[in-house]
Each structure stands twice: as C-alpha cells, then as structure tokens.
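Q: I have a structure open and would like to go through a few points. Can we start with some strand pairing?

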Amino acid sequence: MPNRVLLAARLLLAGFALALSSSAFAQQSGILAIRAAKILPVSGPEIINGIILVRDGKIAAIGANLPIPDGATILEAAVVMPGLVEAHGSRGMDAPNENVPVVPFVNTADGVDPVNVAFEDALRDGITTIHVLPGNGTVIGGTGILVKPVGSIIETMLVKRPSGMKLSLLPTAGRNRMTQIQELRRAFDDFQTYAEQLAERRADQKKKGEPEEEYDPRQQAMRDLVAGKLTAYLYCPTDSDVTRALAFLDTHKLKSVLVLGPDCYKSAPLIAKKGLSVVLDPQMVLWETEPDTGKEIRHVIPTYFQRAGVKFALQAQPGAFGTRSYWYQAATAVSYGISRSDALRAITLSPAEILGVADRVGSLEVGKDANILLLTGDPLDSKTWVDRVVIEGKQVYDRKTDTRLSKLLTGKEAPDAP
Amino acid sequence: MNCKLTLRRQVSRDGRERDGLKSPLCDLRPSFLRKRSGCEGHSSHATPCRPKDDPAKPRSEGCQPLATTAHCLLLFGVVLLFALLLPLSAAAQRLAIRNARLLPVSGVAIENGTILIENGKIRAIGANVAIPAGTQVVDAGGKTIMPGIVDANAHFGLRDTLNEQASEVTPQINILGQLAPRSGDFTHALSYGVTTACLTPDSANVVGGQCGVVKMAGKTPAQMLLKNVAGIRAALGNDTANGNGGFFRAGANTLGSIYLRRPNSRMAAVWELRKALDEAAKSPMLTSVRNGSLPLHVSAHIENDIRAAVTIADEFKIPHLVLDEGSEAYKCADLLAEHKVQVVLTPSADPQTEGPDGSSPIFNTAGLLEAKGVLIAFGSNSNDPAPLLQWASLAVKHGLSPEAALRALTLNAATISGVAERVGSLEVGKDADLLLLSGDPLELTTHIEKVFVNGQVVYRAE
C-alpha cells in the first residue's frame with residue numbers, strides 16, 4: 001500500500017518536526033519538569049504528587065513536591081511511568097528472515113524500515129526502546145539493533161548496534177529438528193576451525209615477519225558471540241528444544257537469553273538453575289488435555305517462571321485492535337493472577353535488564369535516560385491512553401496531534417499533515 | 001393470572017423433557033420435514049405448538065389452544081400436586097448467590113443483590129429476594145455477576161472443513177453436523193466467559209448452510225443444543241470468490257475442488273446469491289429467509305461487499321439481515337442503520353496491517369455503529385474461541401459505551417441468534433447461565449472466577 005507508506009512517512013516526518021520544535025522549546029531553559037499525580041518509577045515505590053526534572057535528556061531529580069526551577073518547561077499528567085521496552089521482535093522489518101540458514105554477518109539495521117507504521121504505533125503504545133532482531137526462520141539469523149522510535153532515518157533511532165545474535169531451533173525450510181541443531185553446531189565448529197586456522201596462519205606470518213592476516217569481517221559477529229561480547233537470543237519453540245538449547249549453551253559457553261514458545265513452561269526450574277533470563281511467548285495461556293481423563297488444563301505461562309524465580313519479559317502479539325499492545329498483555333497477565341508490580345516490571349525494567357541497558361532505560365531513576373510516558377490514568381486501567389511520550393528529554397508524541405489515531409477512532413481521513 | 005403462570009411453567013418443563021429425552025439426538029432435519037409433528041419452529045427446543053421462533057413473543061402466546069379452561073384446571077391440579085410433593089422430594093435444586101453486584105443487562109445494575117436459581121433457571125433476582133428454606137446459599141463477597149457471553153459467529157468445536165464443496169449454494173446443510181461435543185474448545189470458550197455460541201459455516205460458499213446455536217456445556221449434541229437452525233449463512237468476498245476455483249486455486253480456507261465452478265469473481269458471487277434467493281422456492285431454508293422467519297447472515301468485510309449484501313436484501317425484501325465480520329461497516333453505518341441490519345463484529349484485524357479482503361479496519365467500528373443506532377454483537381469468527389470480553393473492553397476504550405458493550409456481548413448476540421428467550425440476560429425464567437467476576441467485566445485486569453451453565457458450575461479458574 002504505497003499510500004499508507006506515504007502517509008506513515010508524512011506522519012513520522014511531522015512527528016519528527018514536532019519533536020525538534022518542542023525540544024528547541026525545552027532547551028531554552030534546558031530543564032523539563034514533569035508533574036504527575038502519581039509516578040510509578042517501577043524500580044521503587046510509587047510517588048504521589050511527584051515531580052521529575054529532566055536535564056540534558058537525563059533524569060536529574062525525581063521525588064514528591066520538588067521545587068521546579070524557574071523557566072523550566074512543565075508537562076502535567078495523571079500518571080507517569082518509564083517508557084516500555086520491547087525485548088524481542090522484528091518491528092519494522094518486512095522480510096525478517098534470510099533464505100540462507102547461517103547468516104551471522106547480517107544486521108537488521110540494514111533491513112529495517114524507519115518509516116514503517118509499526119514505529120508510529122510503538123509511540124502510541126508507549127514503547128520507547130525496541131529490540132529489532134532477525135526472525136526465527138533461520139539457524140543463525142544475524143545480529144539485531146536496539147532503537148528508539150524517533151525520527152525517520154535509522155541513525156536517529158539507533159541506541160545500540162549490534163544488540164545480540166538470533167539463533168533459532170525452529171525447524172524451517174525443510175529441515176527437521178536434528179538437522180536444525182546440527183546446522184547450528186556445524187556453524188560453530190566451522191567458526192572454530194576458521195579461528196584456529198587463522199591463528200596458525202597468523203603465527204606463521206608473524207614468524208616470517210609478514211603482515212598478519214586480518215580477521216574476516218564476516219566472522220566478526222561470530223567472534224564476538226563466542227567471546228561472550230554479544231548475547232545470543234536463542235529461540236526454543238517447544239519444550240523439547242530447551243534441553244538441547246541448554247546443552248548447546250553449556251558446550252559453547254555463550255551468553256544467552258532464551259526466547260520461548262508457550263509449552264516451555266515445563267523447563268522453568270531447569271532454566272532457573274542455569275540462571276538464564278527469558279522472553280515469553282505472546283500467548284500467555286496454554287491449554288493441554290490430560291490424556292487419561294480428557295480434562296482440559298489451563299496453564300498460565302508467566303506464573304511458572306515467576307514461581308521458579310526466572311526473570312521474564314512479556315511479548316505483545318499481533319491481533320485484534322489494541323491487543324497488540326503491552327498494556328493489554330500486562331493487564332491480562334494480572335487477570336491471570338500475576339501481581340501488578342511483576343506485570344509492570346515485565347514490560348519495563350525486566351526487558352531492560354535482559355537487554356543489558358538497564359543503566360539507561362526501564363525505570364525512572366536519577367541518571368537514566370528521560371524516557372517517560374505521560375498517561376491519562378493507571379497503566380493497567382483499560383481506558384487509559386498514552387497522552388505524551390518523552391524520549392531522552394524530548395517530547396516525541398502528543399495524542400492531540402495523532403492524526404492516525406483520530407482516523408482509527410472516527411473513521412474519517414484527517415486533513416493532510418502540514 | 002395464576003393460571004397463566006402455572007401454564008407457562010408447565011409448558012417450559014414439557015419443553016425441557018422433549019429436549020432431553022424425546023427430541024432426536026441433534027435432529028438436523030430441516031424444519032419442513034418436522035412440520036407434520038405439529039412443531040413448525042426451527043428450533044428443536046421450541047415448544048410443540050409455537051408457530052414461529054419469535055423471541056419477542058412469550059411462550060404462552062403461541063400455545064393458545066392449550067389454554068382452555070379444562071386444560072387450565074387440569075394443569076393447575078397437576079402443579080398443585082407437584083407443589084405438595086415438592087418439599088418431600090429433593091428434586092428442586094436451588095442455589096442462591098447473595099451479596100453480588102448483579103449486571104442483568106436487561107436492566108440497571110443491582111448492588112448487593114441476590115440471584116435465586118432453581119432447576120437451572122433464574123427464579124428470582126433483585127436486592128431483596130426471599131430465599132426458600134433448603135436453598136444452598138453462596139456469598140459472592142461483593143463480586144460481580146453478569147450473564148454468560150454469547151458468541152454470535154463462531155467456528156470452534158467443529159470438525160474438519162466448514163465449507164461444503166458439493167456446490168456453491170448449500171442451504172440444506174447444517175453446521176451442527178460437524179459438531180464435536182468433546183472438543184476442548186468448549187472449555188476454552190468457557191474460560192473466556194462464553195456460554196453460548198452461534199456456530200456458522202465458513203465463507204467459501206456463497207450460501208454456506210444453516211447456523212446452529214449450542215451451549216458450551218454438555219456431553220452430547222442434544223445436551224448442548226439450544227437452537228438447531230438459527231439462520232442461513234451466506235458470504236461475499238475474497239473467500240467466496242477464490243475458494244471455488246478448482247483444485248489448483250485452492251483458497252486459504254478450502255482444500256480446493258476438482259471441479260472448476262463459480263464464483264471466481266465478486267460479480268459472480270453476487271450473481272450466485274441473487275440467483276439462490278430468486279430460486280428460493282426450491283429451498284425451504286431460503287424461503288424462510290425470504291419470509292423473515294430465519295435471518296440471513298452475510299459475511300463481508302469491505303464496504304463494497306457490505307453494500308452489495310444490503311442491496312440484495314433490499315431487492316428481495318429480506319426482513320432480517322445480519323452482517324457478519326463487517327471490518328468496514330463504519331464506512332456505511334448510516335445505510336446499515338437505515339436498513340436495520342444487525343452486525344456481528346469480529347475485530348480480528350490489527351489496523352497496523354491490512355484487514356481481511358484488503359479492508360481498512362479501525363479501532364472504533366463498534367462505537368460508530370452504536371452512535372447510528374445499529375444493533376451490534378461480537379463474534380470470534382475463528383476456529384478458536386476468542387476473548388470477546390477483552391475485545392469489548394477495548395471497544396469501550398475506543399468509544400463504545402459500557403452499557404452497549406455488555407449488551408452486545410450478551411442480549412444482542414442472543415437476539416441475533418434467536419435464543420434471547422433462553423439466554424443473554426439475567427431475567428426470571430431464563431437459563432441460569434452466568435459469570436462470576438472479580439470486578440468490572442470491562443476491565444482487562446478482571447478475572448472470570450466461575451462460569452455457570454444451567455445453574456451448574458461448569459468452569460472454575462484455579
């Protein structure tokens with residue numbers, strides 16, 4: 001739909017222009033003050049009648065009844081909380097999987113579409129940090145990036161590159177489970193062989209006083225992965241894959257996060273023993289039939305990981321209007337019996353910790369990036385809207401000027417964005 | 001007055017006996033074959049002498065021949081006898097749930113109310129209900145009770161393909177022939193608070209067949225059955241146009257047929273529907289559609305197809321048109337209101353991506369239709385049960401009023417499915433199908449704790 005893309009591009013450019021203008025405004029005094037009836041810092045207890053002061057894109061102060069410096073720009077909201085963190089996904093990628101099974105050298109920065117409407121949706125849904133990884137359809141899918149949904153070129157969006165490597169145990173393209181993991185092992189063996197041979201050649205070259213052979217840039221990501229400098233995001237679609245995944249990780253001593261299918265809840269204690277963190281499937285409830293009685297048993301996936309003490313992040317799922325959002329996931333998780341604080345943590349601080357960026361995002365603490373959501377009410381109240389979004393101290397979203405949202409609510413095409 | 005009341009009770013008791021024992025196991029014969037037995041109704045559950053299935057008409061009205069003085073006296077005597085025997089037998093099962101926030105849907109919310117259930121039916125409801133001795137009493141602790149949700153367009157709990165390949169017009173087949181009573185889907189549906197579903201054929205055929213209404217509890221089709229024929233399902237759109245293109249053009253929902261036949265285009269789909277209705281005399285089912293005793297469900301997504309459905313219904317003066325899915329219904333809300341089309345929404349598409357049939361779904365279709373006075377309900381339209389309550393909650397966020405949302409989930413859906421005299425609201429005499437919720441049903445954090453069907457707990461969340 002070229003029309004839609006154009007519209008999205010226009011809207012994003014408009015949003016970008018708005019962001020620039022508002023930031024220029026804020027920079028007159030250099031301080032942004034956000035006043036809220038309630039602040040949910042996630043990392044600590046909630047603050048009533050709280051104030052957050054933002055300077056140079058960072059949170060400078062947070063607390064109840066702080067004095068607001070003269071000349072500060074003031075924003076007000078009913079409830080304020082940190083921007084949400086998407087731990088895993090391929091947002092903005094139209095073709096997230098390479099056809100070739102082992103492609104550690106590709107990076108999603110080269111494939112992501114910055115004006116994809118999904119980034120605009122992210123802002124509307126309050127997501128301020130997004131992990132864009134290759135899909136699960138390969139063996140070694142390539143490296144990902146961490147982005148913020150700001151601007152219309154990848155350079156303005158980037159937070160971290162590369163962010164991690166996608167490995168997948170999902171058999172696709174005619175492979176079965178045996179060949180899938182065999183491909184994975186072989187890729188690591190091939191890299192090992194390459195590294196050993198290179199070391200030999202380089203030792204030889206050094207001895208001869210010749211210039212030493214450079215590392216093949218295509219092998220750089222694998223080198224970082226094996227050295228533990230890059231995290232593996234290992235996808236396990238079923239529970240049987242988890243055991244193999246854990247053995248594989250043991251062999252290669254990789255730093256890893258498991259991305260799990262719904263029935264992997266069975267391995268929660270095993271995963272806890274290994275001290276790994278997980279990203280859960282968007283499907284939070286799994287029904288299984290007891291073979292003897294035919295009785296249907298409902299498993300609420302997050303509860304198993306909560307009980308086992310495994311750190312988990314929730315994923316949102318594509319689906320009916322609004323069910324894609326993390327609000328929906330967190331609120332329904334609460335309806336399934338997850339505690340409120342755990343549900344909110346699983347869409348903010350936990351994914352930030354899992355992604356290794358908790359020093360910058362995921363909670364409202366002094367010194368962290370000022371990625372702040374201004375809400376109309378409690379985040380788990382189904383009628384709450386994201387009113388404004390501040391990323392690194394700049395307002396990048398205002399519901400009042402969200403023309404696409406207005407179309408989704410009224411059915412009428414908004415007049416052209418300026 | 002007294003006599004009329006007892007008469008109604010007697011008739012309804014009789015109806016239940018017929019349903020449980022005498023009615024053939026999920027009798028799928030079309031109504032014209034059953035007419036001679038004196039029952040012209042489309043529902044096998046209908047009382048023997050009701051002329052038509054009209055939810056607006058009370059049962060006793062259809063039973064005028066019975067209401068002679070002699071009958072009345074006789075029945076009164078029988079009931080008196082029962083009333084005398086009742087305290088001796090443990091036959092009457094009574095359950096009272098007190099201290100609950102009752103949302104009857106048919107009326108205003110009752111704070112701190114009591115609902116009395118007797119033999120699977122709602123016996124009394126209100127703030128002050130006298131609880132007879134020997135009643136099991138449960139304290140709801142201030143929790144909320146609402147009627148069980150009715151899914152007005154569902155495909156779950158059914159086996160195999162839901163599209164007949166023999167012809168593109170198959171009004172004679174009934175979806176309940178595919179019913180799989182032991183399917184886990186019914187438990188999953190209960191976990192979402194759905195207690196009744198109108199099962200519909202899929203949309204690869206222009207006229208797919210008859211819809212049937214079942215409850216989510218029961219081990220046999222007869223126990224589940226609420227209404228055998230609740231409507232005729234037709235479809236306009238991509239599925240219809242592509243599904244019949246022969247083996248090499250199998251559509252998404254079909255295996256593909258070895259026969260190359262119509263329709264392969266939208267124009268042919270419309271032509272087929274028009275032809276089927278034109279030749280309705282050949283089919284008792286389509287005759288019922290034309291004379292309004294059965295609703296015509298048309299599944300359509302894009303505005304074009306929706307308008308085509310309304311045009312055809314207008315041409316043939318079809319009194320009762322139901323639009324299923326209706327992703328772009330908001331674009332012609334005025335037209336739907338003007339023609340009194342009822343809409344079963346399936347907000348299955350994410351506005352971020354293109355909707356089914358290339359439609360442009362939006363967030364607030366339900367709210368915009370409500371504003372125009374269109375009667376709406378929700379339907380999962382999927383092989384899996386859907387969280388309709390959560391969908392309604394989001395619809396409320398996007399503009400639907402909370403009252404309309406609850407009504408759409410229950411009473412409207414029951415009305416569209418032709419079962420509003422049995423389910424869809426908390427009213428005296430209706431089946432005790434209800435949900436016990438931890439709080440406001442339209443909050444996403446609210447949790448469905450217990451589900452009752454016919455007064456029995458059939459689902460309990462751990």
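Q: Which residue is the bridge partner of Leu102(B) in S5(B)?
A: The partner of Leu102(B) is Ile145(B). Keep in mind that this is a predicted model.

Q: How do S1(B) and S5(B) pair, parallel or antiparallel?
A: Parallel, over two bridges; S1(B) covers residues 94–102 and S5(B) covers residues 144–147.

Q: What about S1(B) and S4(B), over how many bridges do they pair?
A: Four, in the parallel sense, with S4(B) at residues 136–139. Leu95(B) stands opposite Gln136(B) there.

Q: And S2(B), in which sense does that pair with S1(B)?
A: Antiparallel, over six bridges, with S2(B) spanning residues 110–118. In that pairing Ile97(B) faces Ile115(B).

Q: How many helices and strands are there in chain B?
A: Chain B has 13 helices and 16 strands. Of its 462 residues, 54% count as buried.

Q: Switching to the interface: how many residues of chain B are in contact with chain A?
A: 32 residues of chain B, which meet 28 residues of chain A. Helices H4 (185–191) and H12 (388–398) of chain B each supply at least two residues to that side of chain B.

Q: Which element gives the most?
A: H12(B), with seven residues. The chain B side divides into 12 nonpolar, 14 polar and six charged residues.

Q: Now chain A. Which residues of H8(A) are buried?
A: Within H8(A), residues 301–308, the buried ones are Ile301(A), Pro302(A), Tyr304(A), Phe305(A) and Gln306(A).

Q: What follows H8(A)?
A: Gly309(A), with a positive phi near 75°.

Conventions
Residues numbered from 1 in each chain as written. Chains lettered and ligands numbered in written order. Predicted model: local features only at pLDDT ≥ 70, side-chain atom pairs only at ≥ 80, totals over all residues. Contact = placed C-beta atoms within 7 Å. Nonpolar A, V, L, I, M, F, W, Y, C, P; charged D, E, K, R; others polar. Buried ≥ 20, exposed ≤ 12 C-beta atoms within 10 Å, placed from the backbone. Pairing = 2+ DSSP bridges.
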